[in-house]
Amino acid sequence: MLFRRSLRTSAAALVLLLPFAAACGTDAQAESSTVTLTVGATGWKAEEAVLKYAGLDDTPYKIKWSLFQGGDQQLQAIRAGALDLASSSEIPPVFAAADGSANFKVVAVQKGATLNQEVVVPKGSKVTGIAGLKGKKIGYVQNTTAHYFLYELLKQAGLKWSDVDAKPLLPNDGLAALNGGGIDAFASYGTSIITAHQQGARTVGSGKDILSGNFLWSARDSVLSSPEQKAAAADLIARITKAYAYVRDGHLDGFAQVTADATHQPLAQAKKDLTDAQAQRPTQARTVGDDTIASQQKVADVFTELGALKEHLDVKTFWTTELNADLEKAL
């Protein structure tokens, strides 16, 4: 791609590396070949793809992308020492830190769309709304946005969690159960919802206006104790923001094609979803602030109310502003 070749040799590309170089010292680029970040992705490797598409994948450090079905699995991997950086909604870090021995900190927030966060019923179902799910079997992805918005939608419909037969399922298992008649509805997100619609599923409830749109970057404590990895994390998060800005700046069609190819959906649908998502809430990173911590505290309190958390959790214990200065420079 001409854009990528020119960017790599331009002054703009050199400027992009300055925050990393400043944090790592004068020999940063020479040393950076030994720096590796293991980074999680959910659904499909959209972040890796958008960096490549925008010509911003020429990082002066190595990235190993690992794919998961949900942010909850990414946080489990961080706890196990298998990931350096995880991306998730506000919910997974709550459960990963619930035992009081978290080995990670939330270091940044990525604002994002809350589309394709839905409760769906299979083709032919007579259910037309959430109230109609009373007494029904509902699959949901536990400890994720699906768990949260399903509970909130039930409350809005005047139902309790105990009024339905809620069954925790992974996205792929939930899709199979929905199509096989094992469940009457499924609360999920992302590519699983896209696939469900392709298979004839209908939406009966949405988390669009329930979810905050705050998606969290969580870093393992060892990353924060390494100046090189810390600088790399800030640089990577900033690059993703810049890559999406490039997409919005007249390059939606091209990335829609990349998305369609990766998610096996019609180009027209991929373009509509991408356009709608960036219109609703442009994908961009921001630093940690009191408001972002308060937003997650509200979520944690809901799970305490639900009984999924045994006791009150003070979420600020696993947030940090340590990356703020590096991220501000990189952005």
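A crossing of two helices is left-handed if the near helix is turned anticlockwise from the far one by less than a right angle, and right-handed if clockwise. The structure is a predicted model, in which local features need pLDDT of at least 70, side-chain atom pairs count only at pLDDT 80 or more, and totals for chains, interfaces and linings use all residues. Residues are numbered from 1 along each chain as its sequence is written, and side-chain values use heavy atoms, with hydrogens and water left out.

**Exercise 1.** Describe how α7 packs against α14.

Solution. Helices (H or I, at least four residues) and strands (E, at least two) are DSSP runs, numbered from the N terminus. Axes are lines fitted to C-alpha atoms, for helices over the stretch in contact, and angles run from 0 to 180 degrees between N-to-C directions. On this basis helix α7 (residues 145–156) and helix α14 (residues 290–306) have axes 11 Å apart and pack at an angle of about 65°. Angles under 35 degrees count as roughly parallel, over 145 as roughly antiparallel, 65 to 115 as roughly perpendicular and the rest as oblique; α7 and α14 are therefore roughly perpendicular to each other. The crossing in which α7 passes α14 is left-handed. With contact taken as heavy atoms within 4.5 Å, His147, Tyr148, Tyr151, Glu152 and Lys155 of α7 meet Lys298, Val299, Val302, Phe303, Glu305 and Leu306 of α14. Sorted by class, the contact of α7 with α14 has six nonpolar, one polar and four charged residues, where Ala, Val, Leu, Ile, Met, Phe, Trp, Tyr, Cys and Pro count as nonpolar, Asp, Glu, Lys and Arg as charged, and the others, Gly among them, as polar.

**Exercise 2.** Carry out the analysis for α4 and α12.

Solution. The axes of helix α4 (residues 46–53) and helix α12 (residues 252–263) cross at roughly 140° and come within 11 Å, and α4 and α12 are therefore oblique to each other. The crossing of α4 and α12 is right-handed. From α4, Ala46, Ala49, Val50 and Tyr53 take part, and from α12, Gly254, Phe255 and Val258; the residues of this contact divide into six nonpolar, one polar and no charged.
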